[in-house]
Amino acid sequence: MNPKEILSHLQGIVGPAYVLNSPEDLATYAYDGTAGISGAAPLAIVQPASTEEVAAIVRFAYENSLVVVARGSGTGLSGGSTAIEDCIILQTNRMNQILEIDAVNLTALVEPGVITADLDMEAAKQKLFYPPDPGSMKISTMGGNVAENSGGLRCFKYGVTEDYLMGLEVVLHDGRVLWTGGKTKKDVAGYNLKKLFASSEGTLGIITKILVRLIPRPPAISTLVAYFDDVAKAGECVTAMVAEGIIPCTVEFLDNVVIRTVDEYANLGLDLDAAALLLVQTDGHPAVVEEEAVQIEEICKRLGAREVKRAKDAAEGEQLATARRAAFASLARVSPTTVLEDASVPRSELATMLLFIQEVAQRYDLRIGTFGHAGDGNLHPTVLIDERNEDEMHRMHKAFEEIFSKAIELGGTVTGEHGVGYAKRDYLPQMLGETGMDLTRKIKSTLDPGGNLNPGKLLELERT
């Protein structure tokens with residue numbers, strides 16, 4: 001089947017207005033949010049509006065050995081939604097309905113194109129709460145969040161996307177539709193298929209409906225900022241909080257490079273001389289929030305904080321949290337290329353990892369700003385370089401090889417929330433080992449025997 005016939009068939013499924021193939025559109029979809037990584041131009045971008053249309057597209061692709069790459073807003077940071085040559089980009093943004101908020105069963109049923117922050121705002125109207133909050137929550141989609149198993153600032157206390165996943169509708173490689181899970185809190189019937197698709201990065205099926213768990217919205221929140229002269233002390237402070245039985249909803253770390261760029265971007269009056277800061281938020285019943293805020297301040301001061309400030313109200317606290325979400329955007333203004341990475345270590349190894357990143361930056365003569373979710377050991381070392389400088393790019397890759405190896409050595413992982421995609425595919429064997437890789441390949445070949453779903457991501461390119 002030639003390209004013209006393929007386009008005609010796709011237009012017949014979704015309508016001519018929802019099949020894009022101008023040179024500008026095709027070039028745009030070769031990229032996602034990952035610096036230094038681009039794919040090839042796809043054959044077309046298709047924008048279905050229903051499960052039935054997705055199933056028809058996938059079935060057509062299967063019958064004609066065409067590649068399908070699912071995509072939401074394209075905010076991913078591992079190259080997971082970049083196009084490969086002559087593929088069909090299946091963009092789910094038109095499927096953007098919140099189908100149900102069930103206050104009795106504390107669930108929400110949404111389509112994959114729903115924006116993450118919009119779901120939480122809709123839940124808030126019924127005093128409910130959807131906690132997962134990736135940094136891109138105002139633009140990222142729920143389908144992408146499930147496919148990447150996204151985390152966010154609040155995951156120290158509340159967990160990541162899969163912790164709220166109760167059910168999924170998925171279009172399989174041949175166009176069949178699977179529903180797995182449901183509203184019951186307890187369900188141990190058979191394999192946990194819904195969680196198999198979390199973190200699958202579009203390589204096993206196309207998500208078309210998502211059922212998530214909601215919780216009562218916490219009535220109070222308090223935000224503190226603690227400044228340190230030593231990054232290791234900041235890391236030790238997080239461990240001390242947990243040792244004393246305090247689990248804040250948010251514990252965020254920023255080093256001096258990030259403090260300076262964020263303050264220049266958001267004009268918050270941060271302490272520009274501090275080596276590091278911790279942004280800590282505690283939420284819940286007002287009396288508990290007040291008690292924990294006092295304890296957190298005492299712990300930070302005992303562990304060497306040079307200053308601890310408490311937001312005067314929720315609005316100021318949210319302003320600080322919003323500024324933290326802008327860390328990537330503020331860093332991106334500094335240099336032509338901003339490479340944001342993602343490595344996690346056990347919380348007890350946080351100080352060790354922070355010092356190691358600083359040492360690597362000095363050894364490879366790189367400017368690295370580090371921020372991240374210190375509460376769960378998830379760090380985002382971010383290199384500020386110019387990708388046109390080949391020597392700088394070489395030094396960057398060598399630096400990250402050491403950082404990822406160190407994370408694994410400390411009992412951590414090469415990705416806590418960004419996913420493997422294309423960017424970290426070569427590191428996966430080091431994480432999983434030979435047996436783990438063999439099982440991963442078998443799962444892929446069973447659920448996608450033709451290798452038509454997002455090939456080359458997570459695993460090396462293998463098509464039959």
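Me: How many positive and negative side chains does the chain have, and how far apart do the centres of the two sets lie?
Reply: The chain has 43 positive and 64 negative side chains, with the centres of the two sets 3 Å apart; Lys and Arg count as positive, Asp and Glu as negative, while His and the chain ends are not counted, and each charge is placed at NZ of Lys, CZ of Arg, CG of Asp or CD of Glu. This is a predicted model, in which local features need pLDDT of at least 70 and side-chain atom pairs count only at pLDDT 80 or more, whereas totals for chains, interfaces and linings use all residues. Residues are numbered from 1 along each chain as its sequence is written, and side-chain values use heavy atoms, with hydrogens and water left out.

Me: And how many helices and strands are there?
Reply: There are 15 helices and 19 strands, where helices (H or I, at least four residues) and strands (E, at least two) are DSSP runs numbered from the N terminus. The radius of gyration, taken over C-alpha atoms, is 22 Å, close to the 23 Å that the globule rule (2.2 Å times the number of residues to the power 0.38) gives for 464 residues, so the chain is as compact as a globular protein of that length.

Me: What share of the residues is buried?
Reply: Of the 464 residues, 57% count as buried, meaning under 20% relative accessible area with a 1.4 Å probe and protein chains only, while exposed is over 50% and partly exposed lies in between.

Me: Which residues touch the most other members of the largest nonpolar core?
Reply: Those are Leu278 and Cys300, in a core of 50 residues; such a core is a set of buried Ala, Val, Leu, Ile, Met, Phe, Trp, Tyr and Cys residues joined through side-chain atoms within 4.5 Å. Among the elements that give two or more residues to this core are strand 14 (276-284) and helix 10 (286-302). Another core, of 26 residues, lies apart from it and includes Leu172 and Phe197.

Me: Switching topic, where is aspartate 86 found?
Reply: Aspartate 86 is in the loop between strand 3 (68-71) and strand 4 (88-91), and its phi is near 60 degrees, a positive value in a residue other than glycine. Leaving aside neighbours within four places in sequence, aspartate 86 is in contact (heavy atoms within 4.5 Å) with Ala41, Pro42 and Leu43.

Me: What about asparagine 454, buried or exposed?
Reply: Asparagine 454 counts as buried, at 1% relative accessibility, and lies in the segment after helix 15 (428-447).
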